[in-house]
Amino acid sequence: MKFLAEYRDPAVAEKYFAAIRDTVTKPWTIMEVCGGQTNTIVRYGIDEQLPKEITLVHGPGCPICVTPVEMIDRALIIAERSEVIFCSFGDMIRVPGSRADLQRVKAEGGDVRVVYSPLDAVRIARENPSKEVVFFAVGFETTAPANAMALLAAKNEGLSNFSMIVSHVLVPPMLEVVCNAKDNRVAAFLAAGHVCTVEGVREYRPIAEKHRVPIVATGFEPMDILQGVLMAVRQLEEGRAEVEIQYGRSVREDGNELAREIVSKVFTRTKRKWRGIGTVGSSGLELREEFASFDASRKFDLADFEVEENENCLSGRILIGELKPTDCPAFGVSCTPETPLGATMVSAEGACAAYYRYRSANSSFEIRNS
Amino acid sequence: MCLGVPGKVISIDDSGPLLMGKCDFGGVRREVCLAYTPDAKIGEYVIVHVGFAISKVDESEALRVFSYLDEIRSLK
């Protein structure tokens, strides 16, 4: 496929590995923010082929992993209602709440449907006027424009049987959390290419300056990751701390202005709880007051529903790069894709799932049998 | 997290409330909302996420990853 296959060419990759080896002189820890980047890194073994001076740690950029348990539990309570058709992206279906997941609710008779686009959920609402159709609006800045446009479409059509559970999170406030973490070792970030496609890179400049940390908006193919690492390492070795765009085929300085305009029309920034990490100021989006009737949490009286999280899941510390999945005692023992303790093991882009799928096959670590 | 796949615009439909179109993803054809890339033309590529085009692929930038190493070597 064009604009994908070319970026997986091993011959070009080898040139990048060589250029990185020639450039690096000191140890550096770099965080790739996005779960999609984590998946590419672990799948292609990029971290294992980089010079040993470079450590890649995996960031919090997996919206499924950071969705708090109480948001999942709200979804379960709503999805169990007989009058509801509950729509969600596929990767949310198996994320564990405190007692079940959407897949179990579906198995026990709930009408839970996987959709590819929020517009599919709007169509289902149009086709089922007697049902309450609820969409699980999870995601980062990349997904907000789609959800905002779908909501406006529903409103313009007068679909009063459509609503959303909104669990949107934003990257920049989380980079601050990582930079301010007590023994933070992250020296540079590979920012999420599609978040920056929508938002642009302007919001990252004060972070790079304040924390003296290079930030490179990077794509998702092996070549993108390698060029992103090289750009970050060149900056680090030269003592620079700037924002650069590696993923230029999609990212521009101001992102997609039309998309940002629609998002700010429908949503407003708010504090948000991140699973395993806690509440982070203005790190999420919620519906503006004029769209309150589309807020499923309020519509079904669950706005202040709260739940405590599972302590022996260390995903919070893995999400900010403090630990690797293999540092967790439950990894591969009580926590596996079949019996996940936390979302980072379920989500296809979670660091734990990536390690379990791509690392447990070889001997670089063994699964501890209880 | 935010899987985005490049697709080639093969048809555009502005008859409905939202600007829609069909894109080809290496043989798979899907309906896509083009409301956020209103200037995308047939034959051009867009990055598609959850059924929405979020950017038009900049074809000249797309080649830079292959020339970047020569650029920095010439700086040395």
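Colleague: At what angle do helix α2 and helix α17 of chain A pack, and how is that arrangement classed?
Modeller: This is a predicted model, in which local features need pLDDT of at least 70, side-chain atom pairs count only at pLDDT 80 or more, and totals for chains, interfaces and linings use all residues. Helix α2 (residues 35–43) and helix α17 (residues 351–359) of chain A have axes 9 Å apart and an angle of about 20°; axes are lines fitted to C-alpha atoms, for helices over the stretch in contact, and angles run from 0 to 180 degrees between N-to-C directions. Angles under 35 degrees count as roughly parallel, over 145 as roughly antiparallel, 65 to 115 as roughly perpendicular and the rest as oblique. α2(A) is therefore, relative to α17(A), roughly parallel.

Colleague: Which classes of residue make up the contact of α2(A) with α17(A)?
Modeller: Contact means heavy atoms within 4.5 Å, and on the α2(A) side T38(A), N39(A), I41(A), V42(A) and R43(A) take part. Ala, Val, Leu, Ile, Met, Phe, Trp, Tyr, Cys and Pro count as nonpolar, Asp, Glu, Lys and Arg as charged, and the others, Gly among them, as polar. The contact of α2(A) with α17(A) has six nonpolar, two polar and three charged residues.

Colleague: Is S167(A) buried or exposed?
Modeller: Buried means under 20% relative accessible area, exposed over 50%, partly exposed in between (1.4 Å probe, protein chains only). S167(A) is in strand β6 (residues 162–169) of chain A. Beyond its neighbours within four places in sequence, S167(A) has contacts that include M71(A) and R272(A). With a relative accessible area of 2%, S167(A) is buried.

Colleague: How far apart in space are M71(A) and K273(A)?
Modeller: M71(A) is in helix α5 (residues 69–79) of chain A and counts as buried, at 5% relative accessibility. M71(A) and K273(A) are 202 residues apart in sequence. From C-alpha to C-alpha, M71(A) and K273(A) are separated by 9.6 Å.

Colleague: Why is helix α9 of chain A largely enclosed by the rest of the structure?
Modeller: Helix α9 covers residues 171–180 of chain A, and among its buried residues are M174(A), L175(A) and C179(A). α9(A) is largely enclosed because the buried residues number eight of the ten.

Colleague: Which three residues supply more of the area that chain A buries against chain B than any other three?
Modeller: The contact takes 49 residues from chain A and 38 residues from chain B. The two chains bury about 3,600 Å² between them, 68% of it on carbon and sulfur atoms; buried area is the accessible area (1.4 Å probe) that two parts lose on being put together, summed over both. The three that supply 18% of the chain A share are F3(A), Y116(A) and M149(A).

Technical notes: Residues numbered from 1 in each chain as written. Chains lettered and ligands numbered in written order. Heavy atoms only, no water. Helix = DSSP H or I, 4+ residues; strand = E, 2+ residues; numbered from the N terminus.
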